[in-house]
Amino acid sequence: MSSDITRNAGIAVILAAAAFLSACQVRPLYSESSGVTEKLASVGFSEAGGRVEQQVRNRLIFLASRGAGEAVNPQYHVEMRAISTVADTLLRQSGDTSRAGRVTVTVTYTLSTIADSRVIKAGSRQATALVDFSEQEFAKQRAIRDAENRAADQAAEFVGADIAAALSR
């Protein structure tokens, strides 16, 4: 008798799990049926205020339009700000100079509709790139710039994924 109850309870659990899992809808983010590609192509981005912010903006435009350029008549607008910070990590024992560092780019953004200015998503993303510092000042500054570019591109990828996910809903 108890084996029948156990078997019936097991069957009930399996049926409940199957019903629960059948409600899940997993689909690719950029599938044609979701319309995300068209929505991303109609996103406009705020003007950049600095070099790192311009790097982020350029990468976001490329990601959103799949390389086709800025939207002519955007339906959505992204207001964003990007800042870059440089931190020394390995100080030399013999002096006060550093041999390596970290460059962190932080992007804060707000995605809204142009028609009614309704905020769809707001957030902040950051990315870090490591950098080796040279003894020569110009080489050091160029290494920092390259690290800023890498971090800006990575932060833009994160923001782009957030925007795509928000527009897919």
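Which residue takes a positive phi just after helix 3? Arginine 66 does, with a value of about 60°. The model described here is predicted.

**Helix 3**

Helix 3 is built from 15 residues. From its first C-alpha to its last it reaches 21 Å, close to the 21 Å expected at 1.5 Å a residue. Its buried residues are Val52, Glu53, Val56, Arg57, Leu60, Ile61, Ala64 and Ser65. Two of these, Arg57 and Ser65, return below.

Serine 65 belongs to helix 3. Its relative accessibility is 12%, under the 20% cut-off, so serine 65 counts as buried. The side chain of serine 65 comes to 3.2 Å from the backbone nitrogen of alanine 68. Arginine 66, with its positive phi, sits just after the helix.

**Salt bridges**

The whole structure contains eight salt bridges. Three of them are listed here, with the distance between nitrogen and oxygen.

| Arginine 57 | Glutamate 70 | 2.9 Å |

Arginine 57 forms a salt bridge with glutamate 70. This pair links distant parts of the chain: arginine 57 is in helix 3 (residues 51-65), while glutamate 70 is in the loop between helix 3 and strand 2 (76-91), 13 residues apart. Arginine 57 has a relative accessibility of 4% and therefore counts as buried.

Glutamate 157 lies in helix 4 (residues 137-167), so the pair ties together parts that are 98 residues apart in sequence. Both partners are partly exposed: arginine 59 at 26% relative accessibility, and glutamate 157 at 32%.

Arginine 142 is partly exposed, with a relative accessible area of 38%, and aspartate 146 is partly exposed at 31% relative accessibility. Elsewhere, salt bridges that share partners join Glu47, Arg57 and Glu70 into one network.

**Strands 3 and 4**

Is strand 3 largely enclosed or largely open? Twelve of the 16 residues of strand 3 (residues 98-113) are buried, so the strand is largely enclosed by the rest of the structure. Strand 3 pairs with strand 4 (residues 119-132) in the antiparallel sense, over 13 bridges. Within this pairing, valine 107 stands opposite arginine 125 of strand 4. In a regular strand, side chains alternate between the two faces of the sheet.

The two strands form a hairpin with five residues between them. In this hairpin, serine 117 takes a positive phi near 55°.

**From strand 4 to helix 4**

Glutamate 135 is found in the loop between strand 4 and helix 4. At 63% relative accessibility, glutamate 135 counts as exposed.

Definitions and conventions: Residues are numbered from 1 along each chain as its sequence is written. This is a predicted model: local features need pLDDT of at least 70, side-chain atom pairs count only at pLDDT 80 or more; totals for chains, interfaces and linings use all residues. Side-chain values use heavy atoms; hydrogens and water are left out. A salt bridge is a side-chain nitrogen of Lys or Arg within 4 Å of a carboxyl oxygen of Asp or Glu. Helices (H or I, at least four residues) and strands (E, at least two) are DSSP runs, numbered from the N terminus. Buried means under 20% relative accessible area, exposed over 50%, partly exposed in between (1.4 Å probe, protein chains only). Two strands pair if DSSP finds at least two bridges between them. A polar contact is a pair of N or O atoms within 3.5 Å; within protein, one must be able to donate a hydrogen and the other to accept it, and residues adjacent in sequence count only if both atoms are side-chain atoms. The expected span of a helix is 1.5 Å times one less than its number of residues.
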